[in-house]
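I opened my notebook to look through this structure piece by piece. My notes follow in the order I took them.

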Amino acid sequence: MSEEQSRGRRRPSREYHQASSTSRRPREPSISEEPRAKVFRREFESPYEKPTTSKDSVKRHPGGGNGGGAGGGAGGRKKRERVSYEIVHTKPTDIIDIREHRMQLWPGYQTSVRQHERDILLCAEIAHKVMRTETVYDILQRCLETARDYQEDFRRHVLGMTVLTDYNNKTYSVNDIDFAKTPKETFSFKNQEVSFIDYYYKKYNIRIRDPNQPLLISKAKLRSIRGGENEFIILIPELCRPTGLTDTMRSNMQLMRAMADHTRLEPRGRMDRLRTFNRRLQQTEGSVRILKDWNMTLDRELVELSGRILDPQRIVFKDHNKLSAGDNADWTRLFRDNGLFTTPTRGLERWSVISPTRSARELRNFVETLIRAARGMNMKIDRPEELIISDDRNHTYLQAMEECCRRDPQLVLCLVPNNNAERYASLKKKSYLERAVPTQIITQKSAGNQRGLMSIATKVAIQINCKLGYTPWMIDLPLSGLMTIGYDISKCPKDKSKAFCALVASMDMKQNATFYSTVAECTAGDALASNLWPMMTKALRQYRKEHEKLPNRILFYRDGIGEGSLKQVYEHEVRDVVEKLEAEYKRCNAEKPPMFAYVVVTKSINTRFFYGERNPPPGTVVDDVVTLPERYDFFLVSQSVRQGTVSPTSYNVVHSTIRLTPDQMQLLTYKMCHLYYNWSGTTRVPAVCQYAKKLASLVGTALYQPPQNALEKKLYYL
């Protein structure tokens, strides 16, 4: 067996643009499937004359104790440094005005250059910077007109915002606001005292109209401070334009649709834009000179490479009825003829509904539809106990919730008039922090949607089944003794220094298809998960309680890590978990420690793949040419999209003693993308990651503290 086969990786093909045709590596029939080789295009340009990597370099397959899985080279190979650029190239003539929403889109490209498997490649992705035509001063005026405490309201809107100053075309982050000072304040400039008003007039010929507005304070980045810049930069609200979108803007469907018309490109349009950018680089004097200085030439075509398509997976329904998810990985229609995988033995028999008087008719109509939809999936739902309230004030809802919870219900459903965030948070706090009762909240608009009411009721029935601790469907999974874990962090929008980390773990899905969830408070901005091991200990004890033994294999998916933190996470977090796992298994008198793999999941990447001029289908795997030589990594397209270009997810296996080949690891990861019960289709990341994100987000935006332990075995956050 060659070295490449023993490591479970193919040797890269020798000819650039030639699809790899090497023999397949050995497979274990317990989990792998025979993929079909396909040729794909990827949005990479290849600026090279001679590849700088050795022809004999191989991919790294990390094992226990080989170290450096996050970055170092293997087998004495020198560490390859990345040269990357995050540049947005924008011409003023390309700016897109969306006047009805006072917005602008600045189109451009994000680029990076680094060594890949055999060649130095340029990754180029189309980017759009969202600019508002209003200024921070306009926001201040709105706060003065509408808020009782305008200073607090202004802080809430502006702190943390990224702004652009047109006079020097730079962006800054607003860290503080000084209401005690105005542009009339002076500072030392060229050995004399000058006011901000005079400074901007003399240097930029800009007249500041309001001399009494407060000053914005931006803290410079550490790199800029080292370069000689002042630690604090003073900005004038009148001269700053906000960038990005607020939550209110994101909820404006007209605005998002207007933006999507320009930003959501189909594969053919995206490829044309990238080729246009390539021609610009070939013809622009500056870029030609840089390439010449480095003795490089830029290829004129996108990189062609071989990819693999995993077969459609089988979804398991009631009585272990197994059906294919189909080529688009969407099994919504299968619910018409199949029951849910597990449901309560006696069904949902004790539950209450709360609704205002004016919505009582919509409530009863929705409940009837819900009972009918659940019956079609072999789930029994009895008629609920109704509690009709006189008005829709938060206090009234909370009183009704308290009254319902005294009767020990399995679930409480609330019909609310609209998506009011304060009401939603109040109800969730009452039910999850005080009473440990799952709740289902539905808006009057959804309950009154006669055309799509059965579809809505079906989804709600599935969610209720999950919130009771049961499983709508399962995946055909041959492995037993496996625990998969997802971990993610969500920042608290009200307190920027606070964040919440969530861990969701599966039990042995061959015996008990359920999940365990836990959440804890952590420090925002800390790359290392300080609460990780206590949370893992809880999950392991729950697994042992249910199965009377610890898991044989643990597959850990870690989301929310930037590339700059990989080395730190590997050297501290991964090694700490491995050592404590060994100690825990020894303490429990296990024969040996678990087979363990730690995988970093990254969604925010600029990589795109094309199948001809279309999106690649779900199950597409790319693990050569555009991956990194010092890593055991792969790309997976797990979801199907109907609009725009599909975004793959990057998986970096930084530690592995799990005894699965790369093919098996990729297939297992794809299977895990089928188990997110809010959607009868595949997700971009494994379900445990999506659950962890959902839980951390709920606690960070509504609860602000961990829920009661009695809910840990229920997917109450769906």
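Which residues of the largest nonpolar core touch the most other members? I looked this up, and they are Tyr 677 and Tyr 691, in a core of 93 residues. I take a nonpolar core as a set of buried Ala, Val, Leu, Ile, Met, Phe, Trp, Tyr and Cys residues joined through side-chain atoms within 4.5 Å. Buried means under 20% relative accessible area, exposed over 50%, and partly exposed in between, with a 1.4 Å probe and protein chains only.

**Ground rules.** I am reading a predicted model, in which local features need pLDDT of at least 70, side-chain atom pairs count only at pLDDT 80 or more, and totals for chains, interfaces and linings use all residues. Residues are numbered from 1 along each chain as its sequence is written, and side-chain values use heavy atoms, with hydrogens and water left out.

**The core again.** I went back to the largest nonpolar core, of 93 residues. Helix 18, residues 687–703, gives the most to this core, with 11 residues. Helices (H or I, at least four residues) and strands (E, at least two) are DSSP runs, numbered from the N terminus. The core draws at least three residues from each of domain 2 (343–468) and domain 3 (475–711). Those bounds come from an automatic or database domain assignment.

I then listed the contacts of Tyr 677, leaving out residues up to four places away in sequence. Contact means heavy atoms within 4.5 Å. Tyr 677 touches Ile 462, Cys 466, Thr 471, Pro 472, Trp 473, Met 474, Phe 515, Tyr 691, Leu 715 and Leu 718. Another core, of 35 residues, lies apart from the largest one. Ile 485, Ala 505, Phe 556 and Tyr 570 are among its members. I noted the general rule: in soluble globular proteins, nonpolar side chains tend to be buried together.

**Whole chain.** I counted 18 helices and 30 strands. Of the 718 residues, 52% count as buried. Of the contacts with a separation of 6 or more, 71% are between residues 24 or more positions apart.

**Helices 11 and 12.** How do these two run relative to each other, roughly parallel or roughly perpendicular? Helix 11 (residues 394–405) and helix 12 (residues 421–435) have axes that come within 10 Å and cross at roughly 25°. Axes are lines fitted to C-alpha atoms, for helices over the stretch in contact, and angles run from 0 to 180 degrees between N-to-C directions. Helix 11 and helix 12 are therefore roughly parallel. Angles under 35 degrees count as roughly parallel, over 145 as roughly antiparallel, 65 to 115 as roughly perpendicular and the rest as oblique. The residues in contact include Tyr 397 and Met 401 of helix 11, and Ser 426 and Lys 430 of helix 12.

**Helices 8 and 9.** Helix 8 (residues 267–283) packs on helix 9 (residues 285–293) at about 70°, with axes 5 Å apart. This pair is therefore roughly perpendicular. Arg 280, Leu 281, Gln 282 and Gln 283 in helix 8 meet Glu 285, Ser 287 and Val 288 in helix 9.

I looked up Pro 707, in the segment after helix 18. Pro 707 counts as buried, at 10% relative accessibility. Its C-alpha atom is 8.3 Å from that of Lys 429, 278 residues apart along the chain.

Ser 431 lies in helix 12. Ser 431 is buried, at 0% relative accessibility. Beyond four places in sequence, Ser 431 is in contact with Ala 436, Val 437 and Thr 439.

His 655 is in strand 30, residues 649–656. At 5% relative accessibility, His 655 counts as buried. His 655 and Phe 556 are 99 residues apart in sequence and 9.9 Å apart in space, C-alpha to C-alpha.

**Positive phi.** Most residues other than glycine have a negative phi. I found Asn 205 with phi near 60°, a positive value. Asn 205 is in the loop between helix 4 (196–204) and strand 11 (215–219). Is Asn 205 buried or exposed? Asn 205 is exposed, with a relative accessible area of 59%.

His 320 also has phi near 60°. His 320 lies in the loop between strand 15 (314–316) and strand 16 (322–324). With a relative accessible area of 56%, His 320 is exposed.
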